[in-house]
Amino acid sequence: MDERDHADGVRLTARERAVLAEIEEGLRQEHAPAPRRPSGGRRLPIAVALMFTCSVVLAVVGVCTSDAAFLWCFAVLWPLTMLQIVRLLSRWIRTTGPFTPWF
C-alpha cells in the first residue's frame, strides 16, 4: 500500500494507517442499525383492534342511551384510533414496498 494519500498528499506511517483503519472501523460499527425486536411488531395491530372495538362500542352505547359521557369518551378515543390506524398502514406500506401498477 502506498504511504501517500492520493487525495491531499499527506504521508502516513504504517502505524498511523493502522490507527486510522481502527477508528474508521469503530465509526462503521457505531452507525450500524440496531437489531429489531421480533415481538415489537405485534403490539400495534392488537392495540388498533382494541381501540377500534372500544370506539365502536362507545359510539353505539352513546347513541342508544344518549348519555353525554359515552359520547365524549368516543370523541376522545376516535381521533387516537385513527392516528394509530395511520401508523399501522404506514408501517405496512414500508414493509411491503412501493405500490406497483396492475396494468
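Is Trp-78 buried, partly exposed or exposed? Trp-78 is partly exposed, with a relative accessible area of 29%. On this scale buried means under 20% relative accessible area, exposed means over 50%, and partly exposed is in between (1.4 Å probe, protein chains only). My notes on the rest follow.

1. Ground rules. This is a predicted model, so local features need pLDDT of at least 70 and side-chain atom pairs count only at pLDDT 80 or more, while totals for chains, interfaces and linings use all residues. Residues are numbered from 1 along each chain as its sequence is written, and side-chain values use heavy atoms, with hydrogens and water left out.

2. Overall layout. The protein chain has three helices and zero strands, and from the N terminus on its elements run α-α-α. Helices (H or I, at least four residues) and strands (E, at least two) are DSSP runs, numbered from the N terminus. Of the 103 residues, 9% count as buried. The chain exposes about 9000 Å², with carbon and sulfur atoms supplying 68% of that; accessible areas come from the Shrake-Rupley method with a 1.4 Å probe, and for residues only the protein chains shown count as cover.

3. Contacts along the chain. Take the contacts (heavy atoms within 4.5 Å) between residues at least 6 apart in sequence: 43% of them join residues at least 24 apart. For a local example, look at Gln-84 in helix α3 (residues 68–96). Gln-84 is buried, at 16% relative accessible area. Leaving aside its neighbours within four places in sequence, Gln-84 is in contact with Leu-44, Val-48 and Met-51.

4. Aromatics. Rings of Phe, Tyr and Trp (its six-membered ring) pair if their centres lie within 6.5 Å; planes under 30 degrees apart count as stacked, over 60 as edge-to-face and the rest as tilted. By that rule there are two aromatic pairs. Phe-52 and Trp-78 form a tilted one, 6.0 Å centre to centre with 45° between the planes. This pair links distant parts of the chain, with Phe-52 in helix α2 and Trp-78 in helix α3, 26 residues apart. Phe-52, Phe-74 and Trp-78 form one aromatic cluster.

5. Nonpolar patch. Phe-52 turns up again here: together with Val-56, Val-60 and Met-82, Phe-52 forms a nonpolar patch on the surface, with about 310 Å² of accessible area together. Patches are made of residues with over 30% relative accessible area and no salt bridge; like charges are joined within 9 Å, nonpolar side chains (Val, Leu, Ile, Met, Phe, Trp, Tyr) within 5 Å. Helix α2 (residues 40–65) gives the most to the patch, with three residues. Phe-52 is partly exposed at 38% relative accessibility, and Val-56, in helix α2, is partly exposed at 37%.

6. Salt bridge. The whole structure has one salt bridge, meaning a side-chain nitrogen of Lys or Arg within 4 Å of a carboxyl oxygen of Asp or Glu. Arg-28 forms it with Glu-25, the closest N and O atoms being 2.8 Å apart. The two are separated by about one helical turn, because they are three residues apart in helix α1 (residues 14–30). Glu-25 is partly exposed, at 37% relative accessible area.

7. Cysteines. A search of the whole structure finds zero disulfides, a disulfide being a pair of cysteine sulfur atoms within 2.5 Å. Cys-54 is partly exposed at 41% relative accessible area, whereas Cys-64 is exposed at 65%.
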